[in-house]
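Hello,

Here is the structure I promised to pass on, and below it I have set out what was found in it.

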Amino acid sequence: MLIKILTAVITVAAGIAAAFVLYWVLNQFSEHLPGSWGRRIQPYLFILPALAAIVVFTVYPAILTVINSFKDNFSRNWIGLANYRALFGSSTFVRGTLFNTLLWILIVPAACVIMGLAVAVLADRLGPRGEKTTKTVIFLPMAVSLVGAATVWRFIYASEPKGSTQIGLLNAIGSIFHKGPVAWLDTSTFHLNSLLLMVILLWVQVGFSMVLLSAAVKSVPADTIEAARMDGASERQIFARVVVPQIRGTIITVFITVLITVMKIFDVVYVTTAGEFNTDVLGNQFWTQISTYFNYGAASAIVVILMIAIIPVMWYQVKHFQSEEAT
Amino acid sequence: MTSTATTEAAASPTSKTRRRRSATHFDANPARAGWLVKSILIVLCVLWLIPLIGTFITSFRTVDAAANTGWWSVIVHPSTLSSLTLQNYKTALGGSTDMGAAFVNSLAITLPATFIPLLIASWAAYAFTFMQFRGRNFLFLFIVSMLVVPNYVAFIPILKLYKNLGLNGTFPAAWLFHIGFGLSLAIYILRNYMSTLPKTVMESAKMDGASSYQTFYRLVLPMSVPALAAFAIFQFLWVWNDLLVALVFIGPGPNQPVTVALTQLKGQLGQGWELTTAGGFITLILPVIVFLALQRYFVRGLTSGAVKG
């Protein structure tokens with residue numbers, strides 16, 4: 001026990017010390033080069049270690065993953081498009097996994113923005129202390145891991161056989177009105193269970209959305225709001241026509257961040273249903289392919305599908321950054 | 001340092017709201033919360049806390065009580081308060097799935113993965129902000145685009161790479177992976193922050209004959225502490241709460257972190273509710289404390305416009 005902590009602390013110290021020495025050497029090296037060479041090469045030397053790490057852990061594996069997706073389960077022989085054909089030929093993958101992921105994508109980011117904006121705007125009207133307390137409460141689940149969140153939410157969704165005392169809150173409320181019990185997470189009618197799992201993610205993410213949007217709402221210039229008020233605009237009109245257009249950029253940032261989180265959602269589904277009862281998503285299917293079927297080819301193909309879905313987001317991200325830099 | 005640490009989010013709003021409110025003080029302020037808004041927010045806060053409260057109470061209940069009655073019965077019948085026990089925490093910390101050991105493992109994974117990227121990213125951000133060189137914009141755009149790449153792309157190839165190096169199941173496997181994926185965000189946050197620092201100070205230091213190394217350690221690094229803190233909290237929560245990376249590279253076993261241990265606790269004792277709740281609290285206590293204590297730095301990190309993939 002103690003040894004592990006000690007190792008960690010020593011690693012931190014040694015890692016930081018090594019970095020100090022490395023950059024000292026890089027600096028000395030570039031300063032002793034003849035002429036202007038040192039000054040020209042120096043920035044590249046300072047960026048190199050970080051860039052190398054990013055390339056080793058992102059670019060190189062991404063290329064290998066694309067290649068592996070055209071190979072068999074142990075990445076030995078080329079099998080062309082067979083992995084993709086198998087995935088898209090399976091109706092449980094297309095109508096289950098893919099469709100569920102799409103549902104998450106369609107519902108969660110939008111719901112997260114709307115709820116976050118609502119809390120931000122409403123809490124803005126409270127006194128400073130009320131606002132701070134409200135925000136801390138809503139923001140708190142951000143610190144909780146999704147595994148923890150899923151564990152915590154079992155007490156809401158749990159169901160016991162009919163006749164016995166319900167220890168899940170929803171079914172306990174239902175039993176007061178002589179309804180149920182409903183096995184919430186086993187019920188895939190109208191994707192009820194997937195929707196309930198989305199609630200868990202919303203519980204964690206709305207705080208994030210609220211914090212960003214609240215900062216944006218507060219930075220809307222007061223005189224634009226005053227002017228609208230003078231002109232006799234109602235509070236609702238002010239919100240829709242004056243506030244929202246001015247915080248558009250933040251709304252998009254929040255939307256994209258949640259969108260990426262949702263595209264790779266794994267923990268919530270894995271811990272609660274493990275993808276059973278038609279709740280499977282891409283992230284969980286990836287893990288199933290690796291851990292249950294040992295099929296690295298299919299798992300790589302799933303990642304490629306994910307990468308293709310993320311490319312537009314990446315493109316937008318770069319454009320957005322460029323336009324921000326230009327201003 | 002504390003004055004610079006105050007986030008824009010926290011600093012500007014008070015003055016803005018005050019201005020907005022004082023402008024209409026002769027009038028009943030239409031932007032004040034009525035009873036409807038207040039009750040909506042109170043209900044929302046209660047709803048938000050219920051899952052946590054329920055878990056917290058259950059973690060102190062006996063096996064029988066947790067399996068046979070809802071946690072709210074403790075509130076409804078306060079007479080049962082005396083039956084609350086610490087036994088679940090004892091069992092979770094000392095049982096076959098040792099949450100205590102897992103907690104230590106989580107620390108051992110998180111600390112190096114949080115602190116080591118800081119210096120590497122700072123140097124890169126320094127070069128990007130204060131130095132002129134060919135390809136600077138292109139390289140930075142590359143880093144911006146790497147922000148959204150999901151870590152799924154790396155699991156299988158890195159798993160094989162680690163297998164050749166004999167790293168699977170060890171802490172360095174997780175350290176390196178988290179560092180590799182944390183760097184782009186770190187560089188992004190730090191560069192955005194450094195570009196707001198006064199350039200004239202760096203230039204006059206250069207004029208006085210300071211090397212890049214000296215300028216960096218004497219000026220830029222100390223001035224960037226708020227951004228460093230923002231990233232460190234970000235990365236700490238990220239690594240501590242991660243499940244997938246730990247599952248893939250470390251897996252269940254002697255080195256498992258709390259997130260993996262918690263799923264194990266669930267798997268072994270399908271009906272052991274009271275144990276998973278105690279385990280759940282052991283998992284979330286540290287990030288919640290860190291989060292509440294350093295909330296404003298975290299908010300700064302978020303509002304710096306970072307999008308993490």
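Two residues are in contact if their C-beta atoms, placed from the backbone, lie within 7 Å. This is a predicted model, in which local features need pLDDT of at least 70 and side-chain atom pairs count only at pLDDT 80 or more, while totals for chains, interfaces and linings use all residues. Residues are numbered from 1 along each chain as its sequence is written, and chains are lettered from A and ligands numbered from 1 in the order in which they are written.

The contact between the chains takes 91 residues from chain A and 92 from chain B. On the side of chain B that touches chain A, helix H7 (residues 99-130) gives the most, with 16 residues; helices here are DSSP runs (H or I, at least four residues), numbered from the N terminus.

In helix H9 (residues 155-165) of chain B, the residues B:Phe155, B:Ile156, B:Pro157 and B:Ile158 are buried, that is, 20 or more other C-beta atoms lie within 10 Å of their own. The cover over the buried residues of H9(B) includes helices H2 (37-68) and H14 (296-326) of chain A, along with helices H10 (171-194) and H14 (244-249) of chain B. Just after H9(B), B:Gly166 has a positive phi of about 70 degrees.

Helix H4 (residues 91-123) of chain A packs against helix H3 (residues 35-58) of chain B at an angle of about 130 degrees, with the axes 10 Å apart (axes are lines fitted to C-alpha atoms over the stretch in contact, and angles run from 0 to 180 degrees between N-to-C directions). The contact is made by A:Val119, A:Leu122 and A:Ala123 of H4(A) and by B:Val37, B:Ile40, B:Leu41 and B:Leu44 of H3(B).

Best wishes

Key
Buried ≥ 20, exposed ≤ 12 C-beta atoms within 10 Å, placed from the backbone. Helix = DSSP H or I, 4+ residues; strand = E, 2+ residues; numbered from the N terminus.
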